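Have the viewer open as you read.

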Amino acid sequence: MFITVHTRKILLLSCLSALLGNVGCSTKAEEHKEEAVSYPVTSPLLKDTTAIKEYVCQVRAIQHIEVRALEKGYLQKIFVDEGQHVKNGQLMFQIMPVVYNAELQKSQAEANYVGIELQNTKRLADSNIVSKNELALAKAKFDKANAEVALAKTHLQFTQIRAPFSGIMDHFQVRLGSLVDEGDLLTTLSDNSKMWVYFNVPEAEYLDYKTHQKDNGVNVNLVMANNEVFPHPGVVQTIEADFNNETGNIAFRASFPNPQGLLRHGETGLVRMKVPLRNALIIPQKATFEVLEKKYVYVVDKAGVVRSREISIAAEMPHIFVVQSGLKKDDTIILEGLRQVKENDKVHVKYQRPEAVLSNLSLYAE
């Protein structure tokens, strides 16, 4: 069959039109499909809540003292060991008492001699041989001699160093046979039956605490250095009088029972304390994304246009953030599909009530 050049052109134009028509239909279908996607959105929830704040803390024994020598001499005996638990009044160290024994014997002999003189003077005074003034002088000498005896006994007792309370011994600063001087450090002693935990709180949080906390004594928990929670909760009992002008913080003190002796003086950790938040603006964590360590959300305006917005976080809790600034209660934010949208995209949305969203957060896993 013979086909002219004119006929060929007509056939070619017809095929090209059909092809372009198919492509146009496919593009319109894809655009319609994209427009049909609806993104779940929600709004921040405004409510009173309680945040868990963590503070770096230092653990201190309720009693922690330095044990020092009260007299000069050679360390003759050590009756305890490092790390040992000692009882109140238990003998720990003995400084060589030879010199102090000699002083006691000398003062006792002097007291005996003055006592005999006092008896003789009293008999003479009774017979009116000596005056009452001489009797009074003899009595004063006798009292002085007895005072010297008491002082010598005290010095001798000071050679025995006993525990002033029950506690745990630290390492020794001296060894057996060492020559110690009065005031030399021998060891330290800690009463770990109860621990005081100190932590610093910023001024704003202190004001919130004092404003909203009606009763004294807030329960807190201690996270130890191994990231385990100490099994016994503590109670905030004391707040120091002054703020630190350099840091703007004030020190809180919490008391923790320590029946098993797990905590020791000088440990560190984290104190977890519940802090009341009034009119807190709460959003799900999954509605946020991070760019260069800054938090953002996608806000959808009334026309359905997506805008990214930076927010600041006041507190973080499981699955949720408390927003400090950047959002309002009536803002609409994208809840899921953050990776599929871009700045200035126009999207369809499906609104979900914030109460319903927050109640299902524990089931969410990205």
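Where is the place of Ser107? Ser107 sits in helix H2. Keep in mind that what you're looking at is a predicted model.

**The big picture**

Overall, the protein has five helices and 19 strands. Buried residues make up 34% of its 366 residues. If you take the contacts with a separation of 6 or more, 75% of them come from residues 24 or more positions apart.

**Two helices side by side**

Two packed helices are described by the angle between their axes and the distance between the axes. Here, H2 covers residues 98-126 and H3 covers residues 132-158, and the two pack at an angle of about 165° with their axes 8 Å apart. The cut-off for roughly antiparallel is over 145 degrees, so H2 counts as roughly antiparallel to H3. Their crossing is left-handed. As for who takes part in the contact of H2 with H3, its residues divide into 13 nonpolar, seven polar and eight charged.

Now zoom in on Ser107 itself. Is Ser107 buried or exposed? Ser107 is buried, with a relative accessible area of 9%. Leaving aside its neighbours within four places in sequence, Ser107 is in contact with Ala145, Glu148, Val149 and Ala152. Take Val149 from that list: Ser107 and Val149 are 42 residues apart in sequence, yet 5.1 Å apart in space, C-alpha to C-alpha.

Ala150 is also worth a click. Ala150 lies in helix H3 and is 43 residues from Ser107 along the chain, with 8.8 Å between the two C-alpha atoms. Ala150 is partly exposed, at a relative accessible area of 41%.

In soluble globular proteins, nonpolar side chains tend to be buried together. In this model, the largest nonpolar core has 24 residues, and the members that touch the most other members are Phe199, Leu222, Val236, Phe252 and Met273. Several elements give two or more residues to this core: strands S2 (45-68), S9 (185-202), S10 (219-223), S12 (249-257) and S13 (268-284), plus helix H4 (203-212).

Which residues is Leu222 in contact with, leaving aside its neighbours within four places in sequence? The list is Cys57, Val59, Glu228, Val229, Phe230, Phe256, Leu263, Leu270 and Val271.

There is also a second, separate core of 21 residues, which includes Leu277, Val297, Met317 and Ile333.

**Two loop residues with positive phi**

Asn227 has a positive phi although it is not a glycine, and His319 likewise has a positive value in a residue other than glycine. Asn227 is in the loop between S10 and strand S11 (234-239), while His319 is in the loop between strand S16 (306-317) and strand S17 (320-325). Asn227 counts as exposed, whereas His319 is partly exposed.

Here are the relative accessible areas of the residues we've visited, side by side:

| Residue | Relative accessible area | Class |
|---|---|---|
| Ser107 | 9% | buried |
| Ala150 | 41% | partly exposed |
| Asn227 | 66% | exposed |
| His319 | 35% | partly exposed |

For the backbone angles themselves, phi is about 70° at Asn227 and near 75° at His319.

Technical notes. Residues numbered from 1 in each chain as written. Predicted model: local features only at pLDDT ≥ 70, side-chain atom pairs only at ≥ 80, totals over all residues. Heavy atoms only, no water. Axes fitted to C-alpha atoms, helices over the stretch in contact; angles between N-to-C directions. Helix = DSSP H or I, 4+ residues; strand = E, 2+ residues; numbered from the N terminus. Parallel < 35°, antiparallel > 145°, perpendicular 65-115°, else oblique. Left-handed = near helix turned anticlockwise from the far one by under 90°. Nonpolar A, V, L, I, M, F, W, Y, C, P; charged D, E, K, R; others polar. Buried < 20%, exposed > 50% of the residue type's maximum accessible area, 1.4 Å probe, protein only. Contact = heavy atoms within 4.5 Å. Core = buried A, V, L, I, M, F, W, Y, C linked by side-chain atoms within 4.5 Å.
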